[in-house]
Amino acid sequence: MAFKFCLKNIGLVPFFILSLCAFIATSRDLKQLSMLERHEKWIARHGRAYEDEIEKEHRFKTFKENVEFIESFNQNGTQNYKLAINKYADLTTEEFTASFMGLDTSLSQQESAATTTSFKYSSVTEVPFSMDWRKRGSVTEIKDQGVCACCWAFSAVAAIEGAYQIANNEQISLSEQQLLDCSTQNNGCNGGLMTHAYNFLLENNGEGITTETNYPYEETQSVCSTQQSAALVTISDYEVVPQNESALLQAIANQPISVGLAASQEFQLYGSGIYDGSCNSKLNHAVTLIGYGTSEEDGTKYWIVKNSWGSSWGEEGYMRIARDVGVDGGHCGIAKMASFPIV
């Protein structure tokens with residue numbers, strides 16, 4: 001526009017202003033071209049395919065908006081974490097929330113209580129300075145739920161995997177698909193609760209859960225298969241953690257814990273660092289807490305979270321979230337809906 005204005009009024013402006021206008025117009029064109037090139041490289045890197053040019057144009061617009069937001073945020077440099085142009089960078093917040101965040105707190109109104117009423121770790125008074133269950137072999141590799149809002153199943157399974165490994169010194173990858181297909185208290189790819197998943201395993205004649213290999217993940221809900229679900233791991237009970245970070249620390253010092261989070265847009269684009277940013281107004285995503293620690297740089301305390309969005313998201317699939325920030329229920333509500341299985 002600036003260059004067109006100069007052309008129309010070429011007799012009214014000095015040559016150097018005309019040159020400046022041309023430079024501005026060219027810079028804008030180059031910036032747009034650069035973004036298009038970045039989008040093409042991003043498409044190739046992540047294997048994205050669009051139905052037609054209309055969808056591609058729409059995705060480019062979203063990609064551009066997200067990239068500009070990410071770069072502006074990171075250049076600001078006032079937070080303890082960075083955002084990243086990850087494989088979700090061409091999705092709007094609304095699209096991402098609908099497909100990847102499936103903690104359905106409305107189901108808790110129908111939830112039956114755990115069969116025990118006490119908190120197993122209430123008498124724990126001393127905990128290690130730091131804990132990382134990955135170092136003890138209690139955490140399986142990062143998984144990817146894909147476009148199915150069943151984070152609740154991945155959260156529950158990771159907690160069971162951890163409890164089983166601690167009790168038996170054997171790491172086994174268990175089946176999210178079995179919970180997705182068979183835990184009818186939950187809504188499959190439309191959301192659920194980890195405690196409903198635990199209830200299913202307790203009520204399923206105590207038969208428990210089978211392996212990932214025996215009942216592999218399909219990224220969609222299907223008919224419950226009794227032939228595939230020959231169980232390997234059983235749980236005897238589960239417990240709900242009191243809604244504060246002190247109790248959560250007592251629990252995580254002893255085993256991985258299923259937790260809910262109030263995840264915002266910045267979760268979608270999280271890259272690295274200790275997350276102390278914005279949160280959703282309500283719990284909407286399920287993850288597994290697998291440890292805690294303290295930053296050597298500035299002493300910031302954090303929780304270590306295992307997510308189910310693939311290893312290219314965050315810190316190779318993991319996230320650190322600020323701990324002991326003085327907020328009721330912890331940052332982004334991390335202590336408001338915590339539970340763990342007993343094997």
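## Basis of the model

Two residues are in contact when heavy atoms of each lie within 4.5 Å. The structure is a predicted model, in which local features need pLDDT of at least 70 and side-chain atom pairs count only at pLDDT 80 or more, while totals for chains, interfaces and linings use all residues. Residues are numbered from 1 along each chain as its sequence is written, and side-chain values use heavy atoms, with hydrogens and water left out.

The predictor's confidence in each residue is given by pLDDT, on a scale from 0 to 100. The protein chain has a mean pLDDT of 88, and 86% of its residues reach 70 or more. Two stretches call for caution. Residues 15-30 stay under 50 in pLDDT, and the model has nine contacts for them beyond four places in sequence. Residues 112-116 also have pLDDT below 50, and the model shows nine contacts for this stretch beyond near neighbours in sequence.

## Overall organisation

Nine helices and nine strands are present in the protein chain; helices (H or I, at least four residues) and strands (E, at least two) are DSSP runs, numbered from the N terminus. Of the contacts between residues at least 6 apart in sequence, 74% join residues at least 24 apart.

Of the 343 residues in the protein chain, 50% are buried. Buried denotes under 20% relative accessible area, exposed over 50%, and partly exposed in between, with a 1.4 Å probe and protein chains only. The chain exposes about 16400 Å², and carbon and sulfur atoms supply 50% of that area. These areas come from the Shrake-Rupley method with a 1.4 Å probe, and for residues only the protein chains shown count as cover.

Of the 18 residues in α5, 15 are buried, which leaves the helix mostly covered.

After α5 comes N169, in the loop between α5 and α6 (176-182). N169 is not a glycine, yet its phi is positive at about 55 degrees. N169 is exposed, with a relative accessible area of 67%. A positive phi of about 55 degrees also occurs at E316, again not a glycine. E316 belongs to the loop between β7 (301-306) and β8 (318-322) and is exposed at 63% relative accessibility.

Rolling a probe the size of a water molecule over the atoms shows where empty space is left. Here a cavity is a set of points, on a 1 Å grid over the protein atoms alone, where a 1.4 Å probe fits but cannot get out; lining residues have an atom within 4 Å of a point. Grid points are joined across faces, edges and corners, and a volume is the space filled by probe spheres set on the points.

The structure contains three cavities of 30 Å³ or more, and the largest cavity holds about 80 Å³ of space. Its lining has 13 residues, of which F154, A158, K306, N307 and S308 are the closest to the centre. The elements giving two or more residues to this lining are α5 and β6 (285-294). Helix α5 gives the most, with four residues.

## Strand β8

R320 is partly exposed at 24% relative accessibility, whereas I321 is buried at 0%.

The C-alpha atoms of R320 and I304 are separated by 4.8 Å, although the two residues are 16 apart along the chain. Beyond four places in sequence, R320 is in contact with residues including Y270, G273, Y302 and E315. I321 and K301 are 20 residues apart in sequence, with C-alpha atoms 8.4 Å apart. With neighbours within four places set aside, the contacts of I321 are L261, F267, I274, Y275, K301, Y302, W303, V305, H331 and I334.

Y88 is placed in the loop between β1 (81-83) and α4 (93-100). Y88 is buried, at 4% relative accessibility. Its C-alpha atom is separated by 8.9 Å from that of F63, 25 residues away along the chain. Not counting residues up to four places away in sequence, Y88 touches W42, N66, F96, F100, D144, Q268, L269, W309 and W313.

Technical notes:
On a 1 Å grid over the protein atoms alone, a cavity is a set of points where a 1.4 Å probe fits but cannot get out, and a pocket is an open set with protein on both sides within 12 Å along at least five of seven lines; lining residues have an atom within 4 Å of a point.
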